[in-house]
Amino acid sequence: MYSFTDITHWIDRLLRNSMTDGWTLFVEFILIGAVIMVAYALLALFLIYVERRVCAWFQCRIGPNRVGPWGLFQTGADMIKILLKELIRINRADRFLFRLASFMVIIGSICTFGALPFVKGLQAIDFNIGVFYLLAVSSLGVVGILLAGWSSNSKYTMIGAMRSGAQLISYELSCGLSLLAIVILSGTMQLSEIVAQQSEMWFIFKGHVPAVIAFVIYLIAGHAETNRGPFDLPEAESELTAGYHTEYSGIQFGFFYLAEYMNMFIIAAIASTMFLGGWMPLHIPGWEGFNRVMDYIPSFAWFLGKTGFCIFLALWVRWSFPRLRIDQLLNLEWKVLMPISLVNILLMAITVIL
Amino acid sequence: MGTIITFYCLSALIIVSAVMAVTSKRILRAATFLLFVLIATAGLYLLLNYHFLAAVQLSVYAGGILILFIFAILLTSPKGDRTEPEDRGKVAMGLAAALSGLVITAMVTVKHIFLYADPNPTVAGDHEINMKTIGHALMGTEKYQYLLPFEVLSVLLLVCIIGGIFIARKR
């Protein structure tokens with residue numbers, strides 16, 4: 001299977017030949033940062049297009065189809081429009097916190113995105129505590145949402161932010177607990193190690209019933225983490241206009257919008273890395289020929305395919321279910337999902353010991 | 001070289017944000033500057049190759065306690081709340097506490113023998129501590145392992161949770 005370390009090592013050697021080690025590192029950091037941010041923006045644009053098409057498909061419409069072939073350039077045109085829009089100053093708002101909030105949301109999202117193992121040999125940073133890092137950094141976004149709601153000087157944003165804060169904090173618990181089940185199974189938190197261990201069999205098959213339960217719980221809780229689908233009360237458009245980002249305009253609104261879509265991608269990517277093997281091809285023990293054939297499919301196709309599958313599930317749920325009430329939402333987390341995931345961890349521990 | 005520059009940037013951020021957190025008139029801004037202090041401290045831990053502590057710092061302080069602060073501020077204080085200037089006695093007490101803290105920290109820093117002050121360090125401190133080592137230390141019962149304090153702390157947390165529910169339920 002092709003490893004992208006060839007390319008990265010080639011770039012590294014090229015840089016080392018022309019400058020000192022310190023400068024090489026510096027240039028590499030900037031390069032990686034730029035690549036991650038460009039990939040972030042492009043993926044978000046593509047996801048917005050996909051969402052519109054899939055949503056249209058579920059609602060028996062056509063969706064964007066005029067700009068470019070199959071409407072592919074529609075989101076690009078929208079991006080140019082959003083960049084040209086005026087940044088409206090809110091009267092009697094705390095301007096510093098108002099500006100800061102949109103950056104907080106997107107920084108939390110990019111930091112999580114940067115640590116994902118995309119393809120074989122392409123992972124910006126491989127922490128020993130990978131899973132824990134992902135959970136820790138993604139919790140920064142909540143602060144941004146709360147600040148956005150407060151500093152906009154509006155009741156709609158305030159209510160949206162409070163709902164969102166309560167929802168994100170609650171659902172973070174079962175997100176973390178369901179990932180913990182996989183950490184118990186693999187015995188490590190390092191993402192590259194977790195992917196490598198799935199070379200024989202993906203964890204969702206290896207972990208028997210507890211892994212499947214953890215996968216379902218993670219999909220539900222992760223979907224709630226992105227403020228979408230039946231869990232979109234923070235921005236319930238019929239009651240709150242647009243929730244916590246009502247007062248934002250132009251690219252500041254764009255930041256919230258990008259972060260929302262990329263959080264969906266990140267949740268799907270984590271789900272596919274932890275449960276479906278990340279970029280690892282489907283291997284069945286004993287089927288040598290089958291495994292060999294599967295190895296010919298490039299690793300980025302596996303990663304994008306699995307992530308795309310999880311994203312499709314999220315879109316499917318979003319456009320199929322009615323919105324929950326706030327008490328139903330909190331009941332679902334605290335009385336259903338969390339007890340199940342706690343019992344599930346116990347089950348997983350028993351499975352591993354046996 | 002790069003490490004030193006990063007260290008100075010982070011330290012400057014910590015000092016400036018800490019001063020701003022105390023002097024800021026709006027209480028939510030103060031909380032935000034406190035958040036910057038906590039995030040920059042996590043950056044210092046990362047600089048020391050102590051990834052676990054950095055992630056704990058982020059998830060416990062930035063992601064947990066600070067959100068609790070902001071929630072409490074949002075629920076209690078009216079819009080645009082500005083802090084009242086404190087009276088003389090409180091300012092004097094605060095100064096005394098800050099100064100004694102400074103003295104204690106300075107004494108500890110001066111007295112402590114650092115790993116890198118020794119030109120030939122015997123303990124390897126340069127590489128990352130493995131997550132497994134930390135886990136075994138937290139969950140073991142032998143010498144330098146901390147199962148009992150860990151469990152006692154969890155009982156304390158349980159007591160706090162039950163107490164919170166009891167107070168909130170009293171109506």
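Chain B is built from six helices and has zero strands, where helices (H or I, at least four residues) and strands (E, at least two) are DSSP runs numbered from the N terminus. Following the sequence of chain B, the pattern reads α-α-α-α-α-α. Before going on, note that this is a predicted model, in which local features need pLDDT of at least 70, side-chain atom pairs count only at pLDDT 80 or more, and totals for chains, interfaces and linings use all residues. Residues are numbered from 1 along each chain as its sequence is written, while chains are lettered from A and ligands numbered from 1 in the order in which they are written.

How much of chain B is buried? Of its 171 residues, 15% are in that class; a residue is buried if 20 or more other C-beta atoms lie within 10 Å of its own, exposed if 12 or fewer, and partly exposed in between, with C-beta atoms placed from the backbone. Residues 24 or more positions apart make up 50% of the chain B contacts that have a separation of 6 or more, a contact being two residues whose C-beta atoms, placed from the backbone, lie within 7 Å.

Now let us turn to the meeting of the two chains. Chain A brings 26 residues to the contact and chain B brings 22 residues. On the side of chain A that touches chain B, α2 (21-58), α4 (95-114), α5 (130-138), α6 (140-151) and α7 (155-186) each supply at least two residues. Of these, α6(A) gives the most, with six residues. By class, this side of chain A has 21 nonpolar, four polar and one charged residues; here Ala, Val, Leu, Ile, Met, Phe, Trp, Tyr, Cys and Pro count as nonpolar, Asp, Glu, Lys and Arg as charged, and the others, Gly among them, as polar.

Stay with α5(A) for a moment. This helix is mostly covered, as nine of its nine residues are buried, including Phe132(A), Tyr133(A) and Leu134(A). Its buried residues pack against α4, α6, α7, α8 (191-197) and α12 (250-274) of chain A, together with α3 (51-76) of chain B.

Two helix pairs in chain A are worth a look. The axes of α7(A) and α15(A) (residues 326-353) come within 9 Å and cross at roughly 10 degrees; axes are lines fitted to C-alpha atoms, for helices over the stretch in contact, and angles run from 0 to 180 degrees between N-to-C directions. The two helices are therefore roughly parallel to each other, since angles under 35 degrees count as roughly parallel, over 145 as roughly antiparallel, 65 to 115 as roughly perpendicular and the rest as oblique. Their contact has 19 nonpolar, six polar and two charged residues.

In the second pair, α1(A) (residues 5-18) packs on α2(A) at an angle of about 135 degrees, with the axes 8 Å apart. That makes α1(A) oblique to α2(A). Asp12(A), Leu15(A) and Arg16(A) of α1(A) meet Asp21(A), Thr24(A), Val27(A) and Glu28(A) of α2(A). By class, the residues of this contact are two nonpolar, one polar and four charged.

Finally, look at the loop between α2 and α3 (74-84) of chain A, where Cys60(A) lies. Cys60(A) is not a glycine, yet has a positive phi of about 55 degrees. With 6 C-beta neighbours inside 10 Å, Cys60(A) counts as exposed. Trp70(A) also lies in the loop between α2 and α3 of chain A, and its phi is positive too, near 55 degrees. Trp70(A) is partly exposed, with 14 other C-beta atoms within 10 Å.
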